[in-house]
Amino acid sequence: MKAVIYARLTNHEADKLTEQVEMLSEEIQKNPHLELAGVYSEFGGGDGAAPPPEMRRMLEDCTAKGIRLVFMRDISRVAKGFYDLDKRMKLFQKHNIAIWFVQESMSSMSTVGTIPVSQIFGDRN
């Protein structure tokens with residue numbers, strides 16, 4: 001199964017972004033059934049209803065190439081606030097693309113995975 005990586009940082013620390021990509025690559029390499037099909041990374045905030053540019057490009061590429069799995073470091077890579085997170089998660093679900101959040105050890109498509117989202121974010125908004 002092909003999988004892609006999405007990494008994002010709000011600050012411009014290139015070495016930390018590289019570390020994030022390397023960590024996610026190692027996670028994919030641990031599973032012999034997965035093949036790394038692309039890396040999408042960017043700097044910038046995760047706020048706002050519209051996905052950031054690289055996330056948009058990733059969604060388009062995944063849809064066009066039939067890729068159904070994205071690895072992200074943690075759930076905050078999708079969005080910082082619950083409202084934006086909910087909108088973006090629905091966008092991934094609409095395209096039948098699952099996200100594996102390494103830090104939370106959780107899939108966006110599992111029934112268990114959808115319940116703790118509000119618990120993870122709590123009252124951050």
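Student: What makes Arg 88 a residue without a salt bridge?

Tutor: In this predicted model, the nearest side chain of opposite charge, Asp 84, is 5.3 Å from Arg 88. A salt bridge needs a nitrogen of Lys or Arg within 4 Å of a carboxyl oxygen of Asp or Glu. Arg 88 is buried and has no salt bridge.

Student: Where is Arg 88, and what does its side chain reach at 2.5 Å?

Tutor: Arg 88 sits in helix α3. Its side chain reaches the backbone oxygen of Val 78, at 2.5 Å. The cut-off for a polar contact is 3.5 Å.

Student: Why is Asp 74 called buried?

Tutor: Its relative accessibility is 4%. Buried means under 20%, so Asp 74 counts as buried. Asp 74 is found in the loop between β3 (69–72) and α3 (82–94). Leaving aside neighbours within four places in sequence, Asp 74 is in contact with Phe 101, Gln 103 and Glu 104.

Student: How do you know that Arg 77 and Asp 74 form a salt bridge?

Tutor: Their closest N and O atoms are 3.6 Å apart. The limit is 4 Å, so the pair qualifies. Arg 77 is buried, with a relative accessible area of 4%.

Student: Why is Asp 61 classed as buried and Arg 57 as partly exposed?

Tutor: Asp 61 has 18% relative accessibility, and buried means under 20%, so Asp 61 counts as buried. Arg 57 has 37%.

Student: What makes Lys 30 exposed?

Tutor: Its relative accessible area is 60%. Exposed means over 50%, so Lys 30 is exposed. Lys 30 meets Glu 27 in a salt bridge at 2.9 Å, N to O. Glu 27 is partly exposed, at 22%. The structure holds six salt bridges.

Student: Why are β2 and β5 said to stand at the edges?

Tutor: The five strands form an open sheet in the order β2-β1-β3-β4-β5, with mixed pairing. β2 (35–43) and β5 (106–107) each have a single partner strand, so one side of each is left without a neighbour in the sheet.

Student: How do you know that β4 and β5 pair?

Tutor: Two bridges join β4 (residues 98–101) to β5, and the strands run antiparallel. Pairing takes at least two bridges, so these strands pair. Phe 101 has Met 106 as its bridge partner in β5. β1 and β2 pair in the parallel sense over eight bridges, and there Val 4 has Gly 38 as its bridge partner in β2.

Student: What makes β1 mostly covered?

Tutor: Seven of its eight residues are buried. Helix α2 (residues 53–65) lies across β1, β2 and β3, running at about 160° to β2.

Student: Why does Ser 107 count as buried?

Tutor: Its relative accessibility is 17%. Buried means under 20%, so Ser 107 counts as buried. Ser 107 belongs to strand β5. A polar atom of its side chain lies 3.1 Å from the backbone nitrogen of Met 109.

Notes. Residues are numbered from 1 along each chain as its sequence is written. This is a predicted model: local features need pLDDT of at least 70, side-chain atom pairs count only at pLDDT 80 or more; totals for chains, interfaces and linings use all residues. Side-chain values use heavy atoms; hydrogens and water are left out. Helices (H or I, at least four residues) and strands (E, at least two) are DSSP runs, numbered from the N terminus. Buried means under 20% relative accessible area, exposed over 50%, partly exposed in between (1.4 Å probe, protein chains only). Contact means heavy atoms within 4.5 Å. Axes are lines fitted to C-alpha atoms, for helices over the stretch in contact, and angles run from 0 to 180 degrees between N-to-C directions. Lys and Arg count as positive and Asp and Glu as negative; His and the chain ends are not counted. A polar contact is a pair of N or O atoms within 3.5 Å; within protein, one must be able to donate a hydrogen and the other to accept it, and residues adjacent in sequence count only if both atoms are side-chain atoms.
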